[in-house]
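Please look over the sequence and the structure first.

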Amino acid sequence: VIESAAETQRPFFCYVAFNTPHSPMQTPDEWWDRFRDRELGQRHIDPAKEDMPHTRAALAMCENIDWNMGRLLQTLRDVGAERDTIVVYFSDNGPNGWRWNGGMRGRKGSTDEGGLRSPLLIRWPKAIPAGRVVDTVGGVIDLAPTLLDMVGQAVVAELVPEIVEWAQGPMAELTGGCLEDPRMDLKICDVAALIDDANDGTCDK
């Protein structure tokens, strides 16, 4: 996707969903061996709860994710798209086991901060200074409007037809032909309604 987009000089959206660290806690030996006997300096606040093989497998999986993210970023450099590409790295919830969690209580499935709070890193060399920290509380639902605002209307206008094709295709069976967001009173069922300056941002089904 990245290489073909660079060749055509078109904006692109690439969603890479890693399913780790997650059960089954199995990882190739190449990554497991890096943590098999390593002394871990960061432990759960209650070490007695921690299942060390589970923790080591999770860390091995994270090491693999780091390696794959490095491949992705190198591809952006190779095609000359690194500076002007927004890369968002985030997780959906806290850890799936009792392990180091930044000193927070809780894990996946709990309503404690350790179950809900997760990393969100955004990299955009063209516009975001390295090392900048934003303390405002946010969630995954904030990403779409934020990213659309960041890239601007021209890019959105190019991407919207593909989004609508998806909404009217696979999603149509589930939504009755119109993908609706009740929070914004928005229905993705008319391309013109989304990209026409004169439109108020909504469309009728």
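Helices (H or I, at least four residues) and strands (E, at least two) are DSSP runs, numbered from the N terminus. The model is predicted: local features need pLDDT of at least 70, side-chain atom pairs count only at pLDDT 80 or more, and totals for chains, interfaces and linings use all residues. Residues are numbered from 1 along each chain as its sequence is written, and side-chain values use heavy atoms, with hydrogens and water left out.

**Backbone geometry**

Start with the loop between H1 and H2, where Gln9 lies. Gln9 is not a glycine, yet its phi is positive, about 60 degrees. Most residues other than glycine have a negative phi, and most peptide bonds are trans. Gln9 is also exposed, at 68% relative accessible area. Here buried means under 20%, exposed over 50%, and partly exposed in between (1.4 Å probe, protein chains only).

Pro21 sits in the loop between helix H1 (2–8) and helix H2 (29–32). Pro24 is in the loop between H1 and H2 as well.

| Peptide bond | Form | Omega |
|---|---|---|
| Thr20 to Pro21 | cis | near 0 degrees |
| Ser23 to Pro24 | cis | near 0 degrees |

Next comes helix H3 (residues 52–78). Its 27 residues should span 39 Å at 1.5 Å a residue, and the end C-alpha atoms are 39 Å apart, so the two values agree. The expected span is 1.5 Å times one less than the number of residues. Just after H3, Gly80 takes a positive phi of about 75 degrees.

**A buried asparagine**

Which loop holds Asn101? Asn101 is in the one between strand S1 (87–90) and helix H4 (113–116). Asn101 is buried, with a relative accessible area of 11%. Leaving out residues up to four places away in sequence, Asn101 touches Pro95, Gly106 and Gly114. Contact means heavy atoms within 4.5 Å. A polar atom of the Asn101 side chain lies 3.3 Å from the backbone oxygen of Gly106.

**A nonpolar surface patch**

Phe90, Leu120, Ile122 and Val140 form a nonpolar patch on the surface. Together they have about 330 Å² of accessible area. Patch residues have over 30% relative accessible area and no salt bridge; like charges are joined within 9 Å, and nonpolar side chains (Val, Leu, Ile, Met, Phe, Trp, Tyr) within 5 Å. A salt bridge is a side-chain nitrogen of Lys or Arg within 4 Å of a carboxyl oxygen of Asp or Glu. Leu120 belongs to strand S2 (residues 120–123). Leu120 is partly exposed, at 46% relative accessible area.

Notes
Areas by Shrake-Rupley, 256 points an atom, 1.4 Å probe, with all protein chains shown as cover. Polar contact = N/O pair within 3.5 Å; in protein donor to acceptor, adjacent residues only side chain to side chain.
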